[in-house]
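Good morning, and thank you for coming.

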Amino acid sequence: MTARTLGDAVSRDRRSDAPALRTGAGRAYDYRRFCTTAWKTGNLLRNEGVRSGMAVAVADDPAPEAVLGFYGAALLGATVGFGPGALGDRTKALVVPTADLDGYDPGPRTRRVAYGAEPDDPSVAYFERDVWSENPTEPPDRVAPDDALLRTPGATYTHGEVLDAARSVADGWGLDTGDEVAVRSPFTRPGVVAAGLVAPVLAGAVVLLPGEDGTGDYAVGGGGPEPAVDPDDVLE
C-alpha cells in the first residue's frame with residue numbers, strides 16, 4: 001500500500017477480516033478490530049490532552065496495548081518513545097501496565113493510562129474500559145510525513161523515515177497477507193519498531209508478539225528459528 005503517515009496504514013479502507021496482530025498467549029486482532037482500536041486509542045489519548053508535537057511514553061512491553069498506544073499516539077501527530085528512558089518532564093501521556101506504574105515517576109503534566117488490572121487511583125485512565133467506550137472513528141488530527149513519530153534518547157525519526165524503512169523490510173521479505181513477523185527485540189530499538197510493528201501492517205501481514213513459544217515466518221532480532229533482520233540494519 002502507499003502510506004505517507006502511519007495513520008494511513010490503519011485507515012478505514014484497511015479494515016478486513018485478515019489477521020493483523022497475534023500474541024503467543026493467544027490474543028488476536030484482525031485488521032477490522034486493530035484499525036478501530038487504534039482509532040479509539042488515539043481518541044482516548046486526545047481526551048487526555050495529547051496533541052500534535054507532544055511526547056507520549058509507552059512501555060517497552062510486548063503486549064497489544066503497547067502497540068496500540070504507539071499507533072494511537074501517531075494518529076494525533078504525537079512523538080512516541082518506548083521504555084522508562086522515554087519519560088521526561090514534557091511527556092504528556094504515559095501508557096504502561098498497571099503493575100508497573102510505581103516504577104515510573106511522571107511529572108505533574110503527564111497523564112497516566114494503565115492496562116492490565118484496573119488501577120486503584122481514579123486519576124489514572126484504565127485502557128481496557130476507556131478505549132472500549134471511545135468513539136470508533138478516526139481522529140481528525142492532521143499529520144504530515146515530515147512530522148516526528150519515533151524518538152530515542154539519541155535520535156528522532158519522522159513518519160516518512162519510519163515508513164520508508166518499514167517498506168524496505170516488507171519488500172525485501174515479500175510480506176503478504178497471513179505472513180507473521182515475530183518481534184524478538186525491545187521496542188526501544190527504532191529498527192524493531194519499523195520492521196516489527198510497522199512493516200507487517202503496511203503489507204497487510206501479521207505482527208506477532210511471540211512470548212516464549214510463538215513462531216513466525218520472519219523475525220526482527222535473533223533468538224528464534226525464523227529468518228531474521230538485524231534492527232541495526234533497518235533504522236539505526
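This is a predicted model: local features need pLDDT of at least 70, side-chain atom pairs count only at pLDDT 80 or more; totals for chains, interfaces and linings use all residues.

In helix H4, the buried residues are His-159, Gly-160, Val-162, Leu-163, Ala-165, Ala-166, Val-169, Ala-170 and Trp-173. Helix H4 covers residues 159-173, 15 residues in total. From its first C-alpha to its last it reaches 21 Å, close to the 21 Å expected at 1.5 Å a residue. As a general point, an α-helix has 3.6 residues a turn, so residues three or four places apart point the same way. Just after H4 comes Gly-174, which takes a positive phi of about 70°.

Let me now step back to the chain as a whole. Its secondary structure comes to five helices and 13 strands. The radius of gyration is 16 Å, close to the 18 Å that the globule rule gives for 236 residues, so the chain is as compact as a globular protein of that length. The C-alpha trace spans about 45 × 35 × 35 Å along its principal axes. Of the 236 residues, 56% are buried. Among contacts with a separation of 6 or more, 67% are between residues 24 or more positions apart.

In what order do the six strands of the open sheet stand? The order is S2-S1-S11-S10-S12-S13, and the pairing is mixed. Strand S2, residues 28-30, and strand S13, residues 228-229, stand at the edges with a single partner strand each, so one side of each has no neighbour in the sheet. Within this sheet, strand S10 (residues 180-183) pairs with strand S12 (residues 218-220) in the parallel sense, over three bridges.

Helix H1, residues 31-47, lies across strand S1 (19-23) and S2, and runs at about 95° to S2.

Which residues touch the most other members of the largest nonpolar core? In this core of 79 residues, they are Phe-34, Phe-70, Tyr-71, Phe-82, Phe-187, Leu-197 and Val-198. Helix H5 gives the most to this core, with nine residues.

Another strand deserves a word. Six of the seven residues of strand S5 (residues 91-97) are buried, so S5 is largely enclosed by the rest of the structure. Strand S3 (residues 55-58) runs parallel to S5 and is joined to S5 by four bridges; Ala-55 has Thr-91 as its bridge partner in S5. S5 also pairs in the parallel sense with strand S6 (residues 111-115), over five bridges. There, Leu-94 has Arg-112 in S6 as its bridge partner.

I close with a glycine. Is Gly-53 buried or exposed? At 60% relative accessibility, Gly-53 counts as exposed. Gly-53 has its place in the loop between H1 and S3. Not counting residues up to four places away in sequence, Gly-53 touches Gly-77 and Ala-78. The C-alpha atoms of Gly-53 and Asp-147 are separated by 7.8 Å, although these residues are 94 apart along the chain.

Terms used: Residues are numbered from 1 along each chain as its sequence is written. Side-chain values use heavy atoms; hydrogens and water are left out. Two strands pair if DSSP finds at least two bridges between them. Helices (H or I, at least four residues) and strands (E, at least two) are DSSP runs, numbered from the N terminus. Contact means heavy atoms within 4.5 Å. Axes are lines fitted to C-alpha atoms, for helices over the stretch in contact, and angles run from 0 to 180 degrees between N-to-C directions. The expected span of a helix is 1.5 Å times one less than its number of residues. Buried means under 20% relative accessible area, exposed over 50%, partly exposed in between (1.4 Å probe, protein chains only). A nonpolar core is a set of buried Ala, Val, Leu, Ile, Met, Phe, Trp, Tyr and Cys residues joined through side-chain atoms within 4.5 Å. The radius of gyration is taken over C-alpha atoms; the globule rule is 2.2 Å times the number of residues to the power 0.38.
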